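Student: I am new to this structure. Could you walk me through it with a few questions?

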Amino acid sequence: MATIAELKRQFRERDRVIRVLTLDGAFRAVAIKNTGVAQTAQQRHGLEPVGARLLAQALASASLLASFLKGEERIVIEAHGDGPIGTVAAEALQVGEVRGYVQYEAGHGDGLPLDMHPHPLGKQGLFRIVRILYNHFEPMVSVVELQPGDIAANLAHYFQQSEQIPTVVQFDVTFDAEGHVSASAGLLVQLMPGIAPQGIRIVEERLGSLPSLSELVASGVMPEEILQRVLPGPFTVLNNTPLDFFCRCSLARFKELLTTLSYEEVQEMQRLGQNELVCQYCGERYRLTERDFLDVLQHIQARRN
Ligand SMILES: [Zn+2]
(Lines give C-alpha, C1' and ligand atoms only; values in the text may rest on other atoms or scores of the structure.)
Protein backbone atom coordinates (compact mmCIF):
# COMPACT_ATOMS: atom_id res chain seq x y z
CA MET A 1 0.00 0.00 0.00
CA ALA A 2 1.26 3.44 -0.90
CA THR A 3 1.23 6.07 1.80
CA ILE A 4 -0.66 9.33 1.32
CA ALA A 5 2.69 11.13 1.04
CA GLU A 6 3.78 8.76 -1.75
CA LEU A 7 0.49 9.20 -3.61
CA LYS A 8 0.88 12.95 -3.34
CA ARG A 9 4.41 12.75 -4.68
CA GLN A 10 3.30 10.51 -7.57
CA PHE A 11 0.55 13.00 -8.40
CA ARG A 12 3.00 15.89 -8.45
CA GLU A 13 5.54 13.99 -10.53
CA ARG A 14 3.04 12.80 -13.12
CA ASP A 15 3.37 14.22 -16.63
CA ARG A 16 0.39 16.41 -17.40
CA VAL A 17 -0.99 19.14 -19.58
CA ILE A 18 -3.19 21.93 -18.18
CA ARG A 19 -5.26 24.33 -20.24
CA VAL A 20 -6.72 27.46 -18.67
CA LEU A 21 -8.58 30.66 -19.48
CA THR A 22 -8.01 33.81 -17.44
CA LEU A 23 -11.15 35.07 -15.69
CA ASP A 24 -10.95 38.42 -17.51
CA GLY A 25 -11.04 36.51 -20.81
CA ALA A 26 -7.75 38.04 -22.00
CA PHE A 27 -5.53 34.95 -22.19
CA ARG A 28 -5.78 31.31 -22.92
CA ALA A 29 -2.79 29.24 -21.93
CA VAL A 30 -1.51 25.69 -21.74
CA ALA A 31 1.39 24.42 -19.66
CA ILE A 32 2.90 20.99 -19.93
CA LYS A 33 5.35 18.82 -18.10
CA ASN A 34 6.31 15.84 -20.25
CA THR A 35 9.60 14.68 -18.73
CA GLY A 36 8.51 11.04 -18.52
CA VAL A 37 7.10 11.03 -22.05
CA ALA A 38 10.33 12.53 -23.43
CA GLN A 39 12.45 10.02 -21.49
CA THR A 40 10.41 7.08 -22.79
CA ALA A 41 10.63 8.42 -26.35
CA GLN A 42 14.41 8.79 -26.12
CA GLN A 43 14.78 5.30 -24.68
CA ARG A 44 12.45 3.57 -27.14
CA HIS A 45 14.10 5.10 -30.19
CA GLY A 46 17.65 5.13 -28.80
CA LEU A 47 18.09 8.86 -29.56
CA GLU A 48 21.12 11.06 -29.07
CA PRO A 49 20.36 14.42 -27.35
CA VAL A 50 19.74 16.59 -30.47
CA GLY A 51 17.05 14.27 -31.81
CA ALA A 52 15.69 13.63 -28.30
CA ARG A 53 15.33 17.36 -27.70
CA LEU A 54 13.47 18.01 -30.97
CA LEU A 55 11.23 15.01 -30.36
CA ALA A 56 10.49 16.13 -26.78
CA GLN A 57 9.41 19.51 -28.18
CA ALA A 58 7.28 17.93 -30.91
CA LEU A 59 5.62 15.60 -28.38
CA ALA A 60 4.96 18.58 -26.09
CA SER A 61 3.57 20.65 -29.01
CA ALA A 62 1.20 17.86 -30.03
CA SER A 63 -0.01 17.42 -26.44
CA LEU A 64 -0.45 21.19 -26.00
CA LEU A 65 -2.59 21.45 -29.13
CA ALA A 66 -4.48 18.23 -28.37
CA SER A 67 -5.62 19.75 -25.08
CA PHE A 68 -7.93 22.00 -27.16
CA LEU A 69 -9.66 18.97 -28.70
CA LYS A 70 -12.28 16.48 -27.52
CA GLY A 71 -11.95 12.78 -26.58
CA GLU A 72 -10.24 10.79 -29.29
CA GLU A 73 -9.66 13.72 -31.63
CA ARG A 74 -5.98 13.98 -32.47
CA ILE A 75 -3.18 16.25 -33.58
CA VAL A 76 -0.23 15.28 -35.74
CA ILE A 77 2.80 17.56 -35.94
CA GLU A 78 5.49 16.96 -38.54
CA ALA A 79 8.64 18.86 -39.40
CA HIS A 80 10.28 17.80 -42.66
CA GLY A 81 13.53 19.51 -43.58
CA ASP A 82 16.76 19.18 -45.55
CA GLY A 83 18.97 18.82 -42.47
CA PRO A 84 20.60 15.81 -40.83
CA ILE A 85 17.36 15.20 -38.93
CA GLY A 86 14.96 14.93 -41.85
CA THR A 87 11.73 14.30 -39.97
CA VAL A 88 10.37 14.85 -36.50
CA ALA A 89 6.81 13.68 -36.01
CA ALA A 90 4.45 13.44 -33.06
CA GLU A 91 0.82 12.51 -32.61
CA ALA A 92 -1.30 13.23 -29.54
CA LEU A 93 -4.85 12.45 -28.46
CA GLN A 94 -6.79 14.76 -26.20
CA VAL A 95 -7.07 11.88 -23.71
CA GLY A 96 -3.34 12.11 -23.01
CA GLU A 97 -1.76 9.49 -25.26
CA VAL A 98 1.19 10.75 -27.28
CA ARG A 99 3.75 9.07 -29.54
CA GLY A 100 6.38 10.19 -32.00
CA TYR A 101 9.64 9.54 -33.81
CA VAL A 102 12.70 11.09 -35.41
CA GLN A 103 14.21 10.16 -38.76
CA TYR A 104 17.90 10.79 -39.37
CA GLU A 105 19.16 11.42 -42.90
CA ALA A 106 22.59 9.99 -43.55
CA GLY A 107 24.87 12.31 -45.52
CA HIS A 108 23.02 15.57 -44.78
CA GLY A 109 25.18 16.74 -41.91
CA ASP A 110 27.79 18.72 -43.87
CA GLY A 111 30.30 16.56 -41.97
CA LEU A 112 29.46 18.31 -38.70
CA PRO A 113 28.63 16.35 -35.56
CA LEU A 114 24.90 16.72 -34.84
CA ASP A 115 25.36 18.76 -31.69
CA MET A 116 27.53 21.28 -33.59
CA HIS A 117 25.08 21.60 -36.46
CA PRO A 118 23.40 25.04 -36.57
CA HIS A 119 20.20 23.71 -38.18
CA PRO A 120 19.67 20.02 -37.44
CA LEU A 121 16.21 20.13 -39.04
CA GLY A 122 17.55 22.00 -42.04
CA LYS A 123 16.80 25.41 -43.50
CA GLN A 124 14.16 24.42 -45.99
CA GLY A 125 11.16 22.21 -45.71
CA LEU A 126 7.65 22.05 -44.36
CA PHE A 127 6.01 22.22 -40.98
CA ARG A 128 2.63 20.49 -40.91
CA ILE A 129 -0.10 20.41 -38.36
CA VAL A 130 -2.93 17.96 -38.96
CA ARG A 131 -6.11 17.89 -36.92
CA ILE A 132 -8.24 14.75 -37.01
CA LEU A 133 -11.59 15.87 -35.65
CA TYR A 134 -15.04 14.42 -35.03
CA ASN A 135 -17.59 15.67 -37.55
CA HIS A 136 -14.90 16.22 -40.16
CA PHE A 137 -14.64 13.58 -42.86
CA GLU A 138 -11.18 14.75 -43.93
CA PRO A 139 -8.27 15.68 -41.65
CA MET A 140 -7.66 19.45 -41.43
CA VAL A 141 -4.14 20.13 -42.66
CA SER A 142 -2.16 23.36 -42.18
CA VAL A 143 1.25 23.68 -43.78
CA VAL A 144 3.80 26.46 -43.38
CA GLU A 145 7.41 26.72 -44.51
CA LEU A 146 9.95 25.26 -42.12
CA GLN A 147 11.83 27.91 -40.13
CA PRO A 148 15.50 27.43 -39.32
CA GLY A 149 15.38 26.65 -35.62
CA ASP A 150 13.70 24.18 -33.33
CA ILE A 151 10.09 23.00 -33.02
CA ALA A 152 9.25 25.89 -30.68
CA ALA A 153 10.33 28.41 -33.34
CA ASN A 154 8.25 26.59 -35.92
CA LEU A 155 5.18 26.44 -33.72
CA ALA A 156 5.42 30.18 -32.97
CA HIS A 157 5.80 30.92 -36.69
CA TYR A 158 2.81 28.71 -37.47
CA PHE A 159 0.59 30.66 -35.08
CA GLN A 160 1.77 33.93 -36.55
CA GLN A 161 1.20 32.80 -40.15
CA SER A 162 -1.94 30.77 -40.04
CA GLU A 163 -3.83 32.00 -37.02
CA GLN A 164 -2.42 35.51 -36.62
CA ILE A 165 -2.77 35.34 -32.87
CA PRO A 166 -0.11 36.92 -30.63
CA THR A 167 1.41 33.85 -29.01
CA VAL A 168 4.21 33.00 -26.60
CA VAL A 169 5.64 29.53 -27.08
CA GLN A 170 8.45 28.16 -24.99
CA PHE A 171 9.88 24.69 -24.54
CA ASP A 172 12.72 23.64 -22.35
CA VAL A 173 14.42 20.25 -22.39
CA THR A 174 17.47 19.47 -20.27
CA PHE A 175 19.84 16.51 -20.15
CA ASP A 176 21.98 14.82 -17.54
CA ALA A 177 25.72 14.25 -17.94
CA GLU A 178 25.08 10.98 -19.85
CA GLY A 179 22.88 12.71 -22.42
CA HIS A 180 19.55 11.44 -21.07
CA VAL A 181 16.54 13.74 -20.82
CA SER A 182 16.32 15.00 -17.23
CA ALA A 183 13.40 17.44 -17.59
CA SER A 184 11.02 18.59 -20.30
CA ALA A 185 8.36 21.28 -20.10
CA GLY A 186 6.51 23.71 -22.32
CA LEU A 187 4.19 26.67 -22.32
CA LEU A 188 1.80 28.27 -24.78
CA VAL A 189 0.07 31.58 -24.04
CA GLN A 190 -2.29 33.25 -26.49
CA LEU A 191 -4.04 36.56 -26.42
CA MET A 192 -7.78 36.28 -27.01
CA PRO A 193 -9.35 38.18 -29.93
CA GLY A 194 -10.04 41.85 -29.25
CA ILE A 195 -7.34 42.22 -26.56
CA ALA A 196 -4.62 44.84 -27.20
CA PRO A 197 -1.46 43.07 -28.49
CA GLN A 198 0.71 44.70 -25.76
CA GLY A 199 -0.89 42.23 -23.34
CA ILE A 200 1.41 39.51 -24.58
CA ARG A 201 4.45 41.56 -23.49
CA ILE A 202 3.34 41.36 -19.86
CA VAL A 203 3.44 37.59 -20.16
CA GLU A 204 6.85 37.67 -21.83
CA GLU A 205 8.23 39.86 -19.04
CA ARG A 206 6.84 37.64 -16.31
CA LEU A 207 8.21 34.57 -18.07
CA GLY A 208 11.60 36.27 -18.46
CA SER A 209 11.88 36.85 -14.73
CA LEU A 210 11.32 33.17 -13.86
CA PRO A 211 13.86 30.34 -13.73
CA SER A 212 13.76 28.16 -16.88
CA LEU A 213 10.73 25.88 -17.31
CA SER A 214 12.82 22.73 -16.89
CA GLU A 215 14.35 24.07 -13.68
CA LEU A 216 10.86 24.77 -12.39
CA VAL A 217 9.50 21.29 -13.16
CA ALA A 218 12.69 19.59 -11.99
CA SER A 219 12.26 21.31 -8.64
CA GLY A 220 8.72 19.94 -8.36
CA VAL A 221 6.71 22.94 -9.60
CA MET A 222 3.54 21.71 -11.34
CA PRO A 223 2.26 23.08 -14.67
CA GLU A 224 -0.63 24.81 -12.92
CA GLU A 225 1.82 26.66 -10.67
CA ILE A 226 3.84 27.75 -13.70
CA LEU A 227 0.67 29.31 -15.12
CA GLN A 228 0.04 31.09 -11.82
CA ARG A 229 3.46 32.69 -12.09
CA VAL A 230 3.23 33.59 -15.79
CA LEU A 231 -0.34 34.84 -16.19
CA PRO A 232 -1.18 38.29 -14.84
CA GLY A 233 -4.53 37.27 -13.35
CA PRO A 234 -6.58 34.37 -11.96
CA PHE A 235 -7.83 31.64 -14.29
CA THR A 236 -10.15 28.68 -14.53
CA VAL A 237 -8.75 25.27 -15.42
CA LEU A 238 -10.53 23.94 -18.50
CA ASN A 239 -8.54 20.76 -18.94
CA ASN A 240 -6.11 18.82 -16.76
CA THR A 241 -4.90 15.62 -18.41
CA PRO A 242 -2.16 13.16 -17.34
CA LEU A 243 0.14 12.20 -20.22
CA ASP A 244 1.72 8.95 -21.32
CA PHE A 245 3.92 7.92 -24.21
CA PHE A 246 1.53 5.38 -25.66
CA CYS A 247 1.10 3.77 -29.05
CA ARG A 248 -1.96 1.82 -30.12
CA CYS A 249 -0.03 -0.43 -32.47
CA SER A 250 -0.47 -4.20 -32.17
CA LEU A 251 0.31 -7.31 -34.17
CA ALA A 252 -3.38 -7.46 -35.17
CA ARG A 253 -3.22 -3.90 -36.56
CA PHE A 254 -0.05 -4.64 -38.52
CA LYS A 255 -1.63 -7.78 -39.95
CA GLU A 256 -4.63 -5.72 -40.99
CA LEU A 257 -2.31 -3.27 -42.74
CA LEU A 258 -0.61 -6.14 -44.56
CA THR A 259 -3.94 -7.26 -46.00
CA THR A 260 -3.94 -4.02 -48.02
CA LEU A 261 -0.89 -5.34 -49.94
CA SER A 262 -1.21 -7.72 -52.87
CA TYR A 263 -1.11 -11.50 -52.44
CA GLU A 264 2.19 -11.61 -54.34
CA GLU A 265 3.80 -8.92 -52.17
CA VAL A 266 2.96 -10.75 -48.96
CA GLN A 267 4.13 -14.05 -50.45
CA GLU A 268 7.41 -12.38 -51.38
CA MET A 269 7.86 -11.08 -47.83
CA GLN A 270 7.26 -14.59 -46.52
CA ARG A 271 9.68 -16.13 -49.01
CA LEU A 272 12.43 -13.63 -48.11
CA GLY A 273 11.87 -14.18 -44.40
CA GLN A 274 10.88 -10.52 -43.89
CA ASN A 275 8.94 -11.39 -40.78
CA GLU A 276 9.90 -8.52 -38.50
CA LEU A 277 7.76 -5.39 -38.42
CA VAL A 278 8.84 -2.32 -36.50
CA CYS A 279 6.41 0.40 -35.48
CA GLN A 280 7.88 3.69 -36.63
CA TYR A 281 6.05 5.61 -33.92
CA CYS A 282 7.09 3.66 -30.85
CA GLY A 283 9.89 1.32 -31.92
CA GLU A 284 7.95 -1.81 -30.90
CA ARG A 285 8.97 -4.93 -32.86
CA TYR A 286 6.53 -7.59 -34.03
CA ARG A 287 7.47 -10.95 -35.45
CA LEU A 288 5.17 -12.67 -37.93
CA THR A 289 4.87 -16.44 -37.62
CA GLU A 290 4.06 -18.73 -40.55
CA ARG A 291 0.53 -18.86 -39.11
CA ASP A 292 0.32 -15.01 -39.30
CA PHE A 293 1.43 -15.04 -42.94
CA LEU A 294 -1.19 -17.69 -43.67
CA ASP A 295 -3.90 -15.58 -41.98
CA VAL A 296 -2.96 -12.52 -44.00
CA LEU A 297 -2.80 -14.43 -47.30
CA GLN A 298 -6.18 -16.05 -46.60
CA HIS A 299 -7.65 -12.61 -45.92
CA ILE A 300 -6.36 -11.22 -49.19
CA GLN A 301 -7.57 -14.31 -51.02
CA ALA A 302 -11.04 -13.97 -49.48
CA ARG A 303 -11.23 -10.35 -50.58
CA ARG A 304 -10.27 -11.29 -54.12
CA ASN A 305 -13.06 -13.83 -54.47
ZN1 LIG B 1 3.71 1.58 -32.05
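This is a predicted model: local features need pLDDT of at least 70, side-chain atom pairs count only at pLDDT 80 or more; totals for chains, interfaces and linings use all residues.

Student: Which arrangement do the four donor atoms around the zinc ion make?

Tutor: The zinc ion is held by the SG atoms of Cys247, Cys249, Cys279 and Cys282, at 2.2 to 2.3 Å. Donors here are N, O and S atoms within 2.8 Å of the metal (3.2 Å for Na, K and Ca), and water is not among the atoms, so sites may look incomplete. Four donors count as tetrahedral if all angles lie between 85 and 135 degrees. The angles here are 102 to 113°, so the arrangement is tetrahedral.

Student: Is Cys282 buried or exposed?

Tutor: Buried means under 20% relative accessible area and exposed over 50%, with partly exposed in between (1.4 Å probe, protein chains only). Cys282 has 3% relative accessibility, so Cys282 is buried.

Student: How far apart do the C-alpha centres of domain 1 and domain 2 lie?

Tutor: Domain bounds come from an automatic or database domain assignment, which gives domain 1 (4–245) and domain 2 (251–304). Ten residues of domain 1 are in contact (heavy atoms within 4.5 Å) with five residues of domain 2. The C-alpha centres of the two domains are separated by 35 Å.

Definitions and conventions: Residues are numbered from 1 along each chain as its sequence is written. Side-chain values use heavy atoms; hydrogens and water are left out. Four donors count as tetrahedral if all angles lie between 85 and 135 degrees; four count as square planar and six as octahedral if opposite donors are over 155 degrees apart and all others between 65 and 115; anything else is irregular.
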